[in-house]
Structure formats: structure tokens, C-alpha cells
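This briefing describes selected features of one protein model. Please view the sequence and the structure below before reading the points that follow.

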Amino acid sequence: MKEISCKLLVIGAGPGGYVCAIRAGQLGIDTVIVEFGRPGGTCLNVGCIPSKALIHAAEEFEKLSHMASGKNPLGIAIAAPSVDLAATMAWKDGIVSRLNNGVAGLLKKAGVKTVHGWATFRDGKTVAVDTEIGMQVIRAETVLIATGSAPVELLSLPFGGPVISSTEALALSEVPERLAVVGGGYIGLELGIAFAKLGAKVTVVEALPRVLAQYDAELTRPVVKRLAELGIEVLVNAKAKGLSTKRDALLVETNGGKNGKIAADKVLVTVGRKPVTEGWGLEQIDLDMVGPFIRIDDQCRSSMRGIFAIGDVTGEPMLAHRAMAQGEMVAEIVAGHRRSWDRRAIPAVCFTDPELVTAGLSPEEAKARGEIKVGLFPLAANGRAMTKLGEDGFVRVLARADNHLVLGIQAVGQGVSELSTAFGLALEMGATLEDIAGTIHAHPTQGEGFQEAALKALGRAVHV
Ligand code: FAD
């Protein structure tokens, strides 16, 4: 059994862990990172990156199919396209492996030692790693837990055979003829829409009264409309009960207690993600928890001295960029810098069709704080959106009524994910409606919708 020691030990090389380790290495901290799988974690290997690759391929295919249908207004005529999903997946895998190598290279360049294997705590300062060449014991002054999250399994639909999680959905070599998606949250809809565009007959089963229930109904309306246009059937107030005896259909119970059957070759279960808190010796260190998550303070310190935790294992929002920002902060704290979590906004993007962006407070949250001004600018009045055939959607700005401080920004529309940067920056800089309205936005861009929404809230919109 080999033993090494270091100042900082990072468990998990997802976006939280690897960013922390790289920054720590840059700051001259003697750092070791342990990873069981490939560098990059959920996000790079089976999450953000592969899903966006599949979504892009599906969008391209759907555009071509639409052109081939002869119904497009652009005057382009082409023959019907076909798709070889195995080739699409091979392209996606190529991107993932380039990024895997990129992360490994950055860790090496920062002087971080990587140990491959599963880490288990022995005590608060000692971890044993089960590696290919035997057990490696690592002693560290400080440990960072960044073990991430895993898909939630339903008791009635255990993963296996036709029942798949997002991980298997992102590795299918053929487009299923009929796909049932259980759970109408962002992961289920992103993948459901992609497979519908690739030709699957998709049905979404959602237990709540509407899909994307964490967003307000005004914001999700264009997505719901598009689901119908794509032929995606949505069953709300419906519960998945299990597979049929022949395992070729999903059994569902709808609101009125009626039982139904949805014929399906694959059943994709996307009912949420759970923190990875088992199998690595949490019981040895007995940390305080908040529900299923590790409790952390505003410096990402756990209840045990010398142990930090970041990313999905610490709670919502389970997003890669939150994990990364926490990782960077923890590295600087370990290096002795004075840092604490002072971020105003964690923007969130839903890569559905059309896309959704939220940053800061929702309308409900903003109203709960006092009187607000709301400015909503429809993309139907935006020239750039019209040239991209993306008129369905809007940008909405919420601000305090008294001093016009911007509290929240939302958008829905084709390609609006790129506006998330401007939204985050405005909130982080403490912008007022006048700041946004007074910033010259390049023409013609969808970003002008942001300026116009601020102008609208001030009662002086120009283009509506
Ligand atoms: P993870 O990325 O989960 O990484 C944890 C790592 O720790 C894993 O590699 C795991 O192997 C390793 N590990 C765990 N335990 C041990 C152990 N004991 N020993 C050694 N290694 C261990 N987020 C976004 O912001 N944007 C998106 O567009 C987006 N799309 C998504 C799409 C899908 C389909 C999914 C599933 C997720 C998506 N997410 C997205 C969420 C995002 O992937 C996560 O929020 C992010 O990966 C969390 O980072 P993390 O570092 O906390 O953990």
C-alpha cells in the first residue's frame, strides 16, 4: 500500500473539482485530484457537452427535413435527409474525448497530481483510493468533496433494458421509433425534443400540472407550443406506474385515476438527480446535511474543519457553472485569500426549442420583495429574430419600482442562451434599467431585445 501526502486533496474531477484543482495548482498549492471515471465529470462526459452536441445535430437534421418538406419560406429546395445516429454519436464522443484530454492536460500543466480510482474516507484527513495498481492512501491538510450527482431511479421503473437514464440516451446508436420520457424538466425536454427532431415519436409524462414547472407559465408558453408543433405528446398530471408485461409500453395513471398505456421502445426516466453521498465513507466523517445534500457555509466549508464541499453534492442549482465558481473560490480560500460567496446571480439555460434563460429573481420572487416594474419585449418585433425565423419569444426585465435596480431577467427564444452572459453581467454589476437602456446594443441582434425590454419598463420603448 502506497502513501502520499498533499496540502489539498480534491475528490471528483467534474467541473467543480477540476476547476478547483487547476486554480489551486496555479496558486502553487500542492494538490492531488482523485477521479473514478474520465476527467470532466457528469457535465463533460454524460451531461452538458454531449447533450448539446446531440441537440445541435438534431436541430440541423430538423432544419434540413423542414426544407425538404417544401414548406420553408427561404426558397431552398433539397432532397429528404437521413441520419446515422451511430455516426452522430461518434462525432459527439470525439468532442468529449478532446475535452477529456484538454482537462487532463490543464491539470498536468498546473502541476496537479491525478490519481485514478474510487476514493473512500478513512478519517477527516485520510482517504484510501482503490486504483488499478492497488490501494493508494492519501493524507491531506484540506479535502474538497466534489462527488457530484447521479440520475434518480424510480422504484417502479428501475434502469435496465428499455428503461434508460440520460446517460444511456446519450449513447444510443439508433433513434428509437417510440420514446416515452418520464419527467418534463429541462433534461427530459432537451433530450425529448432532440429525439423528436431525429424522427422518434415522443411522449412526455409529467406528474405536475405542467412541464418545466420551475419556470413561470408565460415564459414556457413558446416551448409548450413548439412541443405540439414537433408532434410531441405531453401528458400532465400523469404518473408513470411501470412497464407492461411485454416491456414494450409504459403504464401511466392520469389525473382522473384512469390507467393508460404508451407504446415505447425506450423509456427515458429524467425525474431529477441525487447527490452522490454514498460509497465514499460519509459515515466516517459524519458531516451535517441539509436534506440529502452536504451542508456548506458561504465559503463552501462543511461542518468538519478542513473539509470543503462544492457542486451538485451541496444542492441546487445543480449547474456546472455554479460548481466551477465554487471550485475557483475554494482554491483561493485554501491559498489564504479572503473570499466568500458574494454572487448575485447564477444564470440558468434550458436548451429546449426555443431556449429559455433565467437570471436573478423570478417574477414571483421579485414581487414578494415589493413593487416592481416589468418590461417585456417580444422577439416578433426584433429584426434579427425575424431573419432567423425565430420570432416566437421575448425578453423580460424586472426591476425595483423605486430605484430601478434590475432584479431578474428572463428570455425565451431561438438562440437566446447567448444572452445569458449579458443578463448575468447586468445583475452582477448592479445595473439599473437606465444602465441597460443607455447601453448601445449592436444592430441587428437579439440582444437589442434586452435594451428594448428595459426601455419598455421605463415606459419609452421605441420598437413596440
Ligand atoms: P460531477 O460533474 O457529477 O462530477 C463528479 C465526479 O466525481 C464524477 O466524475 C465522479 O466519477 C467523481 N466521483 C464521485 N465520487 C467519487 C469517489 N468517491 N472517488 C473518485 N471519484 C468520484 N449543467 C449546466 O450548467 N448546463 C447544462 O447545459 C447542463 N446539461 C446537463 C445535461 C444532462 C443530461 C445532465 C445529466 C446534466 C446537465 N447539467 C448541466 C448538470 C451538470 O452536469 C452538473 O451540474 C455538473 O456536472 C456538476 O458538477 P460537479 O463537479 O458537482 O459533479
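E452 is placed in helix 14 (residues 448-457), where helices (H or I, at least four residues) and strands (E, at least two) are DSSP runs, numbered from the N terminus. The model is predicted, so local features need pLDDT of at least 70 and side-chain atom pairs count only at pLDDT 80 or more, while totals for chains, interfaces and linings use all residues. Residues are numbered from 1 along each chain as its sequence is written, and side-chain values use heavy atoms, with hydrogens and water left out.

- E452 is buried, with a relative accessible area of 7%; buried means under 20% relative accessible area, exposed over 50%, and partly exposed in between (1.4 Å probe, protein chains only).
- Leaving aside neighbours within four places in sequence, E452 is in contact with F377, A461, V462 and H463, contact being defined as heavy atoms within 4.5 Å.
- A polar atom of the E452 side chain lies 3.1 Å from the backbone nitrogen of V462.
- The C-alpha atoms of E452 and V464 are separated by 8.5 Å, and the two residues are 12 residues apart along the chain.
- H441 belongs to the loop between helix 13 (433-437) and helix 14.
- The side chain of H441 makes a polar contact with the side chain of Q451 (3.5 Å); a polar contact is a pair of N or O atoms within 3.5 Å, and within protein one must be able to donate a hydrogen and the other to accept it, with residues adjacent in sequence counting only if both atoms are side-chain atoms.
- The H441 side chain also reaches the backbone oxygen of T439, at 2.8 Å.
- With neighbours within four places in sequence left aside, the contacts of H441 are I436, G447, E448, F450 and Q451.
- P444 is likewise found in the loop between helix 13 and helix 14, and a cis peptide bond with omega of about -10° joins H443 to P444.

- Helix 3 (residues 48-68) has 21 residues and, at 1.5 Å a residue, should span 30 Å; its end C-alpha atoms are 30 Å apart, which agrees. The expected span is 1.5 Å times one less than the number of residues.
- The buried residues of helix 3 are P50, S51, A53, L54, I55, A57, A58, F61, E62 and M67.
- These buried residues pack against helix 2 (41-46), helix 4 (85-109), helix 6 (186-197) and helix 7 (217-229).
- The axes of helix 3 and helix 4 come within 10 Å and cross at roughly 140°; axes are lines fitted to C-alpha atoms, for helices over the stretch in contact, and angles run from 0 to 180 degrees between N-to-C directions.
- On the helix 3 side, I49, P50, A53, L54, H56 and A57 meet L85, T88, M89, W91, K92, I95, V96 and L99 of helix 4.
- The residues of this contact divide into 11 nonpolar, 2 polar and 1 charged; Ala, Val, Leu, Ile, Met, Phe, Trp, Tyr, Cys and Pro count as nonpolar, Asp, Glu, Lys and Arg as charged, and the others, Gly among them, as polar.
- Just after helix 3, G70 takes a positive phi of about 80°.

- S417 lies in the loop between strand 24 (406-413) and helix 12, and is buried at a relative accessible area of 10%.
- A polar contact of 2.8 Å links the side chains of S417 and E355.
- Not counting residues up to four places away in sequence, S417 touches V349, F351, E355 and V357.
- E428 is in helix 12 (residues 420-428) and is partly exposed, with a relative accessible area of 33%.
- Not counting residues up to four places away in sequence, E428 touches D342, R343, R344 and A345.

**Other backbone features**

- Most residues other than glycine have a negative phi, and most peptide bonds are trans.
- R247 has a positive phi of about 60° although it is not a glycine; R247 is found in the loop between strand 12 (239-243) and strand 13 (249-253) and is partly exposed at 45% relative accessibility.
- C300, also not a glycine, has a positive phi of about 65°; C300 counts as buried at 2% relative accessibility.
- A cis peptide bond joins E316 and P317, with omega of about -5°, and P317 is in the loop between strand 19 (307-309) and helix 9 (320-334).
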